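Look at the two chains below.

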Amino acid sequence: MNFLILSLIKAAVVAFVLMTTLAYLQWIERKVIAHIQLRVGPRRVGPHGLLQPLADVIKLLTKEDLLPSHVNKVFYFLAPFIAVFFALIAISVIPFGTEINVGPIHTAMQLTDLNIGVLFILGLSGMGVYGVALAGWASNNKYALLGGLRSSAQMISYELPMAMAIAAPLLMLNTLSFRHLVDAQGGYYFGFIPRWTIFQGPFPQIISFLLFGIAVFAETNRVPFDLPEAENELVAGFHTEYSSMKFASFFMAEYANMVTVSCVATLLFLGGWQPLWPAAYGSNFVPTAVFLFGAVLCFYHGFNPARSFDRITLPVAGVVFLGVAGIFLVPIVATILLPLFWFAAKVGFILFVYIWVRGTLPRFRYDQLMRFAWTFMFPVAIANLFITGLAVALS
Amino acid sequence: MDAILFLIFAAFAVACAVNLVLQKHPISSALSLVGVMGSLAVLYLLLGGEFIAMAQLIVYAGAIMVLFIFVIMLLNAGSETRAKRHLWASYAGIPMIAAMIAIAAYIVQHALPPTEEVRFGAFQHGNAYDIGEKLFKVYVLPFEVTSILVLVAILGAIVLARKEVS
């Protein structure tokens, strides 16, 4: 019973945090892209547009839900559900930090620790294709069908190098459970180089990391591989005919997939919640320093305001940052929050790269995309896997 | 708990399999097959075959069926039209299927040698480690022979798909 209650609480917390992240990820994306393009981005709703995601959710929920004529109704309704279901369920095997031991409560910061967690994620990513493919097919629209076809072909092609890129670090770490993967990446070389997979001997997995990074861009249909929804040729691709909450489901699925693959990349290659350098050199004070810096920045700009309302909003944000910085100094709370901080920092960095790439690179042409997968990524992935296997066998 | 889950997913698998035959549109049939594969994966999981379950999900439900659906969508296959059936086929069909299932059940029950009883949670060697151990130590020759067979198939596919150069 205790287990059931604890699991329910954990599921509620994870679901709430995930949903908030998804909503605000979109705000962050719009802001970052805007600043890359020398615009300011959303800033009408709330201070610096911070309430924009909320407004968007209300807008999407209350919009008219159009049903185009001659669609295949069953699959038309089923497709968004499939997409969002397989995107959200993947978070259940992702661990976010070490164990919590407060009083009588002993639990891992993870919904469930499967000993085949990595395979589970691979399986789900394979199933996610159905949502997109069916949406394109059921919409009874040429553009949508082309988008769906492109998407399935692209995901089939890039799943191969992705799986091979995942296999190489698994050879070294010798487990399929995410929690054990992170444990196997603990410790430091020479006392300061972390034993993350991208640095770990006998064969550092930087190539795998890059291959995995490129492949998941294609798997999540993101720029520069967003051919399934290429606006200038396909209107909006597979979700052309979707409106209101059904459109939002596809949107949510895309962002949830981004979060999931960023978590997987962090866990497989960047050492999960292992800090960048050992606690002996003061890595425990990094969060405090980061938030203190944020607080100082807020106070400085609050007292030299560029706009009139900055006088109020920025000092408030500064006080919040100071409070968070203080929390990281409380020993009991810090043991729980420190791993979370490092995990979130790494995931956040990868998500930022996602947005950064979107603001930087143009879209591939379709034949370039396919040729890149089969004639470059695939051979490199095989060679990398072979060398890794050899190195592991010899060491 | 295990038995309830088994009943749910076994029923779902059978329902999907029946639906696969009954549906007229190829996409509906293909998706029913995905349902069968998915519930089979759950049944493997219940019996302790974790690795097999995930392989079933990734390879069959994921890769192969996506390819099926991709091809069906690419060819834009329409619904089947119902052909006129023989009189005796429409009356004797269902009884004959029932009889065939009954005979098969009888053979499995009585004629075949008795097998060990399967219990949930009794089998503990379905994880990736044990499968790998068996694959690369006990069954290494069949495994390698199979991989050569697959290689030949891949080469055949490439030869067939290659554009003719005149």
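In chain B, B:Pro113 sits in the loop that links helix H4 (87-111) and helix H5 (128-138). Helices here are DSSP runs of H or I of at least four residues, strands are runs of E of at least two, and both are numbered from the N terminus. B:Pro113 counts as exposed because it has 4 C-beta neighbours inside 10 Å. The rule counts other C-beta atoms, placed from the backbone, within 10 Å of a residue's own: 20 or more means buried, 12 or fewer exposed, and anything in between partly exposed. From B:Pro113 to B:Ala3 the separation is 110 residues in sequence and 25 Å in space, C-alpha to C-alpha.

This is a predicted model, in which local features need pLDDT of at least 70 and side-chain atom pairs count only at pLDDT 80 or more, while totals for chains, interfaces and linings use all residues. Residues are numbered from 1 along each chain as its sequence is written, and chains are lettered from A and ligands numbered from 1 in the order in which they are written.

Chain B has two assigned domains, domain 1 (1-79) and domain 2 (125-166); such bounds come from an automatic or database domain assignment. Their C-alpha centres are 23 Å apart. Five residues of domain 1 of chain B and four residues of domain 2 of chain B make the contact, where contact means C-beta atoms, placed from the backbone, within 7 Å.

Between the chains, 18 residues of chain A are in contact with 17 residues of chain B. On the chain A side, H4(A) gives the largest share, nine residues. The table sets two contact sides next to each other by class. Ala, Val, Leu, Ile, Met, Phe, Trp, Tyr, Cys and Pro count as nonpolar, Asp, Glu, Lys and Arg as charged, and the others, Gly among them, as polar.

| Domain 1 of chain B, touching domain 2 of chain B | two residues | two residues | one residue |

Chain A contains 13 helices and four strands, and 43% of its 395 residues are buried. The largest nonpolar core has 115 residues, and A:Phe212 is among those with the most contacts inside it. Such a core is a set of buried Ala, Val, Leu, Ile, Met, Phe, Trp, Tyr and Cys residues joined through C-beta atoms within 7 Å. Leaving out residues up to four places away in sequence, A:Phe212 touches A:Met162, A:Ala165, A:Ile166 and A:Ala265.

Terms used. Contact = placed C-beta atoms within 7 Å.
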